[in-house]
Amino acid sequence: MAVALILSMWVISTQRRLVILDENVSNAMSQIGVQLSIRFDALTALLDLTQGYAKHESETLIEKN
């Protein structure tokens, strides 16, 4: 009887630990997705900025000549 009780307590605690670990992994993956999205948005903004600056420089050089 005691062995069955100890075994069932071990199974329950192990299952709880696995659920917690699964939640931690899901949270970490979500954070990675958010960071990648932020980086992509920053890179596209930087690309738009450099394209605008290149156009401005091109127009400035054409006006000089």
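Val 25, Met 29, Ile 32 and Leu 36 together make a nonpolar surface patch of about 400 Å². Such patches consist of residues with over 30% relative accessible area and no salt bridge, with nonpolar side chains (Val, Leu, Ile, Met, Phe, Trp, Tyr) joined within 5 Å and like charges within 9 Å. A salt bridge here is a side-chain nitrogen of Lys or Arg within 4 Å of a carboxyl oxygen of Asp or Glu. Accessible areas come from the Shrake-Rupley method with a 1.4 Å probe, and for residues only the protein chains shown count as cover.

The model is predicted: local features need pLDDT of at least 70, side-chain atom pairs count only at pLDDT 80 or more, and totals for chains, interfaces and linings use all residues. Residues are numbered from 1 along each chain as its sequence is written, and side-chain values use heavy atoms, with hydrogens and water left out.

**Fold and dimensions**

The secondary structure amounts to one helix and zero strands; helices (H or I, at least four residues) and strands (E, at least two) are DSSP runs, numbered from the N terminus. Helix H1 covers residues 2–64 and contains Leu 36.

The C-alpha trace spans about 95 × 10 × 5 Å along its principal axes. Two C-alpha to C-alpha distances can be set beside the separation in sequence.

| Pair | Apart in sequence | Apart in space |
|---|---|---|
| Ile 32 and Ile 6 | 26 residues | 39 Å |
| Ser 8 and Val 25 | 17 residues | 26 Å |

**Exposure and charge**

Buried residues (under 20% relative accessible area) make up 0% of the 65 residues. Leu 36 counts as exposed (over 50%) because its relative accessibility is 55%. Ile 32 has 46% and therefore counts as partly exposed, the class in between. Ser 8, at 31%, also counts as partly exposed.

The protein exposes about 6,200 Å², of which carbon and sulfur atoms supply 68%. There are 5 positive and 7 negative side chains, and the centres of the two sets lie 12 Å apart. Lys and Arg count as positive and Asp and Glu as negative, while His and the chain ends are not counted. Each charge is placed at NZ of Lys, CZ of Arg, CG of Asp or CD of Glu.

Methods:
Buried means under 20% relative accessible area, exposed over 50%, partly exposed in between (1.4 Å probe, protein chains only).
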